[in-house]
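Let us walk through this protein chain one piece at a time. Keep the structure in view as you read.

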Amino acid sequence: MINNQLSPPEHAGSVRAGMISKKIETIILVGFCSAIIFGCNSPQKKTERLPFFGPRQGTYMHHVKGEAKIDTVYHIIPNFKVVDQDGDTITEANLAGKVYVADFFFTSCPSICPITEANMLTVQKHFNKVNDFRLISFSIDPKHDSAGRLKRYATRLGADTKQWYFVSGDEDQVDDLAQKGFMASAQKDSAAPGGYLHSGAFMLIDKDKRVRGVYNGTDTAEVARLIHDIPVLYKEYNEDVKDGAK
């Protein structure tokens, strides 16, 4: 299940969505349609440079060796402040200079979260030896997801919390961060399983806080695509990252 209110990349394939109910299916469709205003879909170039997602923030001109260059300012993830499974404060500074994968979940989720978090664990296992790689899962149910509960959840899952943060924070802040920052769905809905309507998407974020990929966290083929794309993204920073699970 994915409700991605993200703009299509400049050079990217379409993002396939998982659907578990007709209502959420409709929301997914609306999210994808609204994203079209920011770009168009086209095949990636053979260089495999990953696309940028989200509305452009503007352009600026600068000079390189006397030659005028025009660069685009892309959407970036805003600052945030949350608390992790150990009760420690986590902000954007903890992820500065790192590539990371983010998602939104809650520990009592009866529908897609067991699938998405198991798939996040698969991603971690592939890159658990990469020093500047992180994962972060934002709880959308802070009333129940205390630090202790998040820690127990992470332990049962078998996650390495030195690399993967399970966090919660002010509900309005997290909802706002999901929708305006990561452009994902996270909101209360009494008709949704568990009382929350949320995205099953994984967002791949680069070292400059820009969204570079969106993947259906319930789809093993999409997760495999994410695992493929992570080393591709690192190449933009002249880093050769190996898949540790191979």
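Start with N238. This residue is exposed, because its relative accessible area is 76%, and exposed means over 50%. N238 sits in the segment that follows α5. Its phi is near 60°, which is a positive value in a residue other than glycine. Bear in mind that the model is a predicted one.

Now step back to the whole chain. The protein chain has five helices and eleven strands. It holds 246 residues, and buried residues make up 50% of them. Take the contacts in the chain with a separation of 6 or more: 70% of them come from residues 24 or more positions apart.

Next, find the sheet. Seven strands build an open sheet with mixed pairing. Read across it in this order: β4-β3-β7-β6-β5-β10-β11. Which strands are the edge strands? They are β4 (89-91) and β11 (211-216), and each of them pairs on one side only. Neighbouring strands in this sheet are turned against each other by 35° on average, with direction ignored.

Is it enclosed or open? Six of the six residues of β11 are buried, so the strand is largely enclosed by the rest of the structure. Its partner is β10, residues 201-205. The two strands run antiparallel, and five bridges join them.

Together β10 and β11 make a hairpin, with five residues between them. K209 is found in the loop that links the two strands. Its phi is near 65°, another positive value in a residue other than glycine. K209 counts as partly exposed because its relative accessibility is 28%; that value falls between the 20% limit for buried and the 50% limit for exposed.

Helix α2 (113-126) lies across β5, β6, β7 and β10. It runs at about 165° to β6. Helix α3 lies across β3 (81-84), β5, β6 and β7. It runs at about 150° to β7.

Look closely at α3, which spans residues 147-157. Its buried residues are L150, Y153 and A154. An α-helix has 3.6 residues a turn, so residues three or four places apart point the same way. On the other side of α3, T155 and R156 are exposed.

Finally, see how α2 meets another helix. Two packed helices are described by the angle between their axes and the distance between the axes. Helix α5 covers residues 220-235. It packs with α2 at an angle of about 30°, and the axes are 10 Å apart. The two helices are therefore roughly parallel to each other, since angles under 35 degrees count that way. Their crossing is right-handed. On the α2 side, the contact is made by N119, T122, V123 and H126. On the α5 side, it is made by V223, L226, I227 and I230.

Is N119 buried or exposed? It counts as buried, because its relative accessibility is 11%, and buried means under 20%. Which residues does N119 touch, leaving aside those up to four places away in sequence? It touches F202, G217, T218, D219 and V223. V223 is also one of the α5 residues in the helix contact.

Notes. Residues are numbered from 1 along each chain as its sequence is written. This is a predicted model: local features need pLDDT of at least 70, side-chain atom pairs count only at pLDDT 80 or more; totals for chains, interfaces and linings use all residues. Side-chain values use heavy atoms; hydrogens and water are left out. Buried means under 20% relative accessible area, exposed over 50%, partly exposed in between (1.4 Å probe, protein chains only). Helices (H or I, at least four residues) and strands (E, at least two) are DSSP runs, numbered from the N terminus. Contact means heavy atoms within 4.5 Å. Two strands pair if DSSP finds at least two bridges between them. Axes are lines fitted to C-alpha atoms, for helices over the stretch in contact, and angles run from 0 to 180 degrees between N-to-C directions. Angles under 35 degrees count as roughly parallel, over 145 as roughly antiparallel, 65 to 115 as roughly perpendicular and the rest as oblique. A crossing is left-handed if the near helix is turned anticlockwise from the far one by less than a right angle, and right-handed if clockwise.
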